Amino acid sequence: MTRMYDTIIIGAGMSGLAAGIRLAHYDKRVCILERHSVVGGLNSFYRRRGRHLDVGLHAITNYAAKGSRLGPLTRLLRQLRMAWEDLSLSQQIGSAVAFPGVSLRFNNDFEYLASEVRRHFPDEKDNFRRLSNEICDYDQIGQPHTRRSARDFVAERIRDPLLANMLLCPILFYGGSRQHDLEFGEFSVLFRSIFKEGFARPLAGVRLILDRMLEKFKTLGGELRVKSGVRRIAVKNDVVQKVVLDDGTELEAKNVLSSAGWKETMRMCDETPEETLAPDLGRLTFVEAISFLDKTPISLGHDRTIVFFNDSERFHYEIPRDLVDLRSATICSPNNFVYPEPLKDNLIRITALANFDRWAELSEEEYALAKLRWYDRMTAAAARFIPDFRGSVVDTDMFTPLTIRRYTGHERGSVYGSTEKRYDGSTPMKNLFICGNDQGLVGIVGTILSGISVANQHLLSKA
């Protein structure tokens, strides 16, 4: 017997869970389908040799202190009926953007970054201030005036190309879905998220956020089905009729909301306009090397939360020709937040751009060897920008674009999704919608707000 729901949500990542909470709060019959045995999608966790590791999460952007009434984090908590204590966020110690000959430090006080710009680029201090004042509001993303090139916008205001690239580097690494550039609207959101609001992290990492959201969803009566991948979405006359699972189970719903990605969702549909499956060039993916240390990073002299580095003459953000591009990368230490108590494990995480096709063509033996070799190369590259920690490593792990594809289902291991965003969340099908990265909002907070906004706009407004 086929069961009927108000909404079926494909994917139990952050956006799917957020949409589920929002709908269940209004007594909608909601079922979230998750292909894997754990929730979280791109921002999840796993256990290896007795240690818990976050996947995806370096830090939560858009930090807001308890009691704040403005900003995306506050809006998120209000929409989900959650308390600030549910996330229990600790602020970063401080991060840096390190390029040849200069390093800009920043924390959650925007004026500190402004003072760093004045110190290193005194001729650009007024230009930087004008640029920051022109950053548009979050709610304007997707409007025609926000679709222009972010690089062009920055270049028109910042004359020094070094400073321009130093500002773009963290933003691209934290949300750039296309090579070299991004839309001005996305740049605005990420500039505010990273520089004006800043980084924070729960003591227990991404597990805490997922546990809180899942508990909220189930308390409101929502249903979660794990190990329930979707084989196809049955469509007739531009309307979804039912969802068929991998085991043949058929589910019906008035609406379907997918967080699987635009192209991934379109491929599931029986009737899909050919233009929706056109080549989506420029998808970007990453590799990450994880090091467990026998002492804290601070005791080794490393006191930065995240270091975004580039050591080439020009900053390149593109699909590398080799397996990994080490001209630039990010170095994150989850220990370097202001926690009420220290973390159990001491960690250094290095994330760099990778080439999916090059990883995918390796044999099993070549793949294992490549992971070992590139771990060594990545840690050596990081040691040029932070104190050399390699003598304190007691355990390691590494994931590649193939790992990302396996656990997210994203084509080519794409982390930030399609280069063309669908900001309103609609599709050619009248009752099928998308949320998540391909809807246009990135990061933990952005992804959660994506689920909320699409649920509000398309599913609750109808009711």
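Ser88 sits in the loop that links helix H3 (84-87) to strand S5 (89-91). The model described here is predicted. The phi angle of Ser88 is near 45 degrees, a positive value in a residue that is not glycine. Its relative accessibility is 36%, and Ser88 is therefore classed as partly exposed, since that class lies between the limits of 20% and 50% relative accessible area.

A positive phi is also found at Asp27, again a residue other than glycine, where the angle is near 65 degrees. Asp27 belongs to the loop between helix H1 (14-25) and strand S2 (30-33). With a relative accessible area of 69%, Asp27 is exposed, because the exposed class begins over 50%. The table sets out the values for these two loop residues.

| Residue | Phi | Relative accessible area |
|---|---|---|
| Asp27 | near 65 degrees | 69%, exposed |
| Ser88 | near 45 degrees | 36%, partly exposed |

Helix H7 covers residues 161-173, 13 residues in total. From its first C-alpha to its last, H7 reaches 18 Å, close to the 18 Å expected at 1.5 Å a residue. This helix is mostly covered, with 11 of its 13 residues buried.

The chain as a whole contains 14 helices and 18 strands. Its C-alpha trace spans about 65 × 50 × 45 Å along the principal axes. A compact globule of 463 residues would have a radius of gyration near 23 Å, and the 22 Å found for the chain agrees with that figure. Of the 463 residues in the chain, 59% are buried.

Contacts across the sequence complete this picture. When contacts between residues at least 6 apart in sequence are considered, 72% of them join residues at least 24 apart.

Technical notes. Residues are numbered from 1 along each chain as its sequence is written. This is a predicted model: local features need pLDDT of at least 70, side-chain atom pairs count only at pLDDT 80 or more; totals for chains, interfaces and linings use all residues. Side-chain values use heavy atoms; hydrogens and water are left out. Helices (H or I, at least four residues) and strands (E, at least two) are DSSP runs, numbered from the N terminus. The radius of gyration is taken over C-alpha atoms; the globule rule is 2.2 Å times the number of residues to the power 0.38. Buried means under 20% relative accessible area, exposed over 50%, partly exposed in between (1.4 Å probe, protein chains only). Contact means heavy atoms within 4.5 Å. The expected span of a helix is 1.5 Å times one less than its number of residues.
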